Amino acid sequence: MNAVTPSAELPLSGAQILLRALKEQGVEVIFGYPGGAVLPIYDAIFQQNAIRHILVRHEQAAVHAAEGYARSTGRVGVVLVTSGPGATNAVTGLVDALMDSIPVVCLTGQVPTHLIGNDAFQEADTVGITRPATKHNYLVKKSGDLARIVHEAFYVARSGRPGPVVIDLPKDILINPAPYVEASREAHRSYRPRTEPDRAQIDKAVALIRSAKRPILYVGGGVINAGPEASATLRELVAETGIPCTNTLMGLGTLPASDPHFIGMLGMHGTYEANMAMHGCDVMLNIGARFDDRVTGRLSAFSPGSRKVHVDIDASNINKNVVVDVPIVGDAGVVLRALLDAVRAEGARPDRTAMAAWWRQIDAWREKRSLDFVQPREPGSIIKPQHAVRRLYELTQQSGRDTFITTEVGQHQMWAAQHFGFERPNRWMTSGGLGTMGYGLPAAMGVQIAHPDALVIDIAGEASILMNIQEMGTLAQYRLPVKVFILNNQYMGMVRQWQELLHGGRYSESYSQSLPDFTKLAESFHAVGMRATTIDDLDRVILEMIKCDRAVIADIAVDQGENVYPMIPSGAAHNEMLLGPDKSRNNAEVTNAGMVLV
Amino acid sequence: MSGETGLTRSATIAVLVENEAGVLARVIGLFSGRGYNIDSLTVAAIDEDRGRSRITVATRGTEQVIEQIKAQLNRIVPVHRVADLTAEGPHVARELALIKVVATGEPRGQALQIADAFRAKIVDTTIESFVFELTGSTDKIDAFLDLMRPLGLAEISRSGVAAIARGTRTII
């Protein structure tokens, strides 16, 4: 990455060099917001047509839009913001991308090099602030480094475990002439992510698969990041071995929800069968997941009887939370292919009789029907939020449109994960690690930019949606027909649920006071507003929403008291999950140690 | 994390890094951000031609925590190489300390005798004071300071640990 071969052409300004480097990196879209320090870049953008700029209404939204773009396409999302507040506003989005391993390059303006450190107007120590918020960051101090750094930033963002990279660009660097260099084919001096697994470790994993009586595949976002081929290989491996497969929140879509081997999401709000199977398995194959605390529950009681294989491209995830027997550092897609080839070559399938017994056990757990809910059918009945998501799923499926779902954060997010079935990867965009309210609308914007003809729906809550509601303006400007589907229970529902279960029903500050009229709000942003207040309106509103060729806010009034079940209470183990409100009374004892884990 | 239980050990970790702005902040930020201990830390450019610096961190934790520290250090983009000198075989670790003792009369004589026994060098002296230069293991310097404390120990400047593997092994 480091060798520079300056090309003999007329000198271009730093801003022009920047755009040329972006173009060489295949960038087609930038999500950004102008300001003093980046005016030279905006001037250069004005004078070209190769790269499209999408003007957001807030810099946080620019990063989430780039995340939605990246996650739905597998490409690097690009952000452009000004110095000072532009950069600090972007920080939440950067940490979000860091936690969920989303490749983003964020260009931040900076005061001119001679003013750095002088508390200049709109100066912030952007590289200092974003150091723990990014995979890596750069401050360009010499024009001669600019093009090389841009190429390197894209390489760092997309390779290994993907993540956000910031390039801080002082204004004089953007104005002064700079040399252009093409992306180097040479290896980076120090950064060399490992993608090829150790063959001996593959053999150990295959031996475990062969010996397994109760195996499980626990598959996460690493398989999404490894590209659609990785999901295809996973399907083949599942078909070849018959091993049941559960997904993390980030891994939904890697195995089709309709595949009989899919046993649902696992973790705090995962299915009974997924969590019981995790608890009772004898061989666990973790592919591209990181034993997050929302997944494991109480660590000391986590899957006590299993031998564990952990495939991760990031060696620091190995043995971080859970000590494993067979660590495999490598790209999830490469490892899945190696496992599948070895299983086929050696006929290393688990014992048929044992697998039949294991599946009988899993089917018995499935009989609990842990995601079931009761939707009253009488006319005028209040809508259950789960029913709203189910109908949205069924009616979008019937529409035959390629459907992408984003979410905000909270109860609606969990209901979406539980009740919307994903058949393909890259169709589900949610803030998993950081849990960022306000993620869904801008992410949907980014998805719609990348997939203009697709049906893009943000399943939202009435509290989360207000956190980036200004982006309705962006939808209007670019005529993006994003659908915002609000499960409106007039509460910060997940907060309310915890307060009900853990804090004696003292609903401190979790009621959504003084909500806007969402239909009028939609109209004021040149979008279409719709509302469903009872079960009688629901299907009609969803169908109208799907049919509408403009942006829509569908305000769905849902049961205020509904909680997300099943649920592993804080500090509990997988086999101690609550299936519903009736059973929670038997298990009211929550320790302080458990409370802090919330 | 489950690494909080179990035996702790100390580890001297050598980190070879690109000599670029912010690299030390990345290493220190990693330790503070993830709650790891730093007992001492030294850094200096070692290789001007190739633009590399060497950071030596003395830390401690359970085996699992130390493995985490190494893996996390390896994740930093400008890090070339991470070596756990404590785990990878015999190594030499030395610290340099400059120690000011202000004393007259009998304590002054005692301080001089002890310094001689520790092979400390006198690098500055007045009628009322000495500055001793002492090189050795962290334990040796700690022992010297304990003895000097009642004799008029006034100020200490320590370099932190520099360390290198014994024999022909290198981490370059």
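In chain A, the axes of helix α11 (residues 272-280) and helix α14 (residues 352-366) come within 8 Å and cross at roughly 140°. This is a predicted model, in which local features need pLDDT of at least 70, side-chain atom pairs count only at pLDDT 80 or more, and totals for chains, interfaces and linings use all residues. Residues are numbered from 1 along each chain as its sequence is written, chains are lettered from A, and side-chain values use heavy atoms, without hydrogens and water.

**The helix pair.** Axes are lines fitted to C-alpha atoms, for helices over the stretch in contact, and angles run from 0 to 180 degrees between N-to-C directions. Angles under 35 degrees count as roughly parallel, over 145 as roughly antiparallel, 65 to 115 as roughly perpendicular and the rest as oblique. α11(A) and α14(A) are therefore oblique to each other. The table lists the residues that touch; contact means heavy atoms within 4.5 Å.

| Helix | Residues in the contact |
|---|---|
| α11(A) | A:Y272, A:E273, A:M276, A:A277, A:G280 |
| α14(A) | A:W358, A:I362, A:W365, A:R366 |

These residues divide into six nonpolar, one polar and two charged. Here Ala, Val, Leu, Ile, Met, Phe, Trp, Tyr, Cys and Pro count as nonpolar, Asp, Glu, Lys and Arg as charged, and the others, Gly among them, as polar.

**The cores.** A nonpolar core is a set of buried Ala, Val, Leu, Ile, Met, Phe, Trp, Tyr and Cys residues joined through side-chain atoms within 4.5 Å. Buried means under 20% relative accessible area, exposed over 50%, partly exposed in between (1.4 Å probe, protein chains only). The largest core has 104 residues, of which A:L217, A:I287, A:F485 and A:I556 touch the most other members. Its largest share, eight residues, comes from helix α13 (residues 332-346) of chain A. A second, separate core has 48 residues, including A:V56 and A:M472.

Beyond four places in sequence, A:I287 touches residues including A:L217, A:V311 and A:L336.

A:T534 lies in the loop between β19 (528-532) and α21 (535-547) of chain A. A:T534 counts as buried because its relative accessibility is 18%.

**Chain B.** Four helices and eight strands make up the elements of chain B. Helices (H or I, at least four residues) and strands (E, at least two) are DSSP runs, numbered from the N terminus. Of the 172 residues in chain B, 42% are buried.
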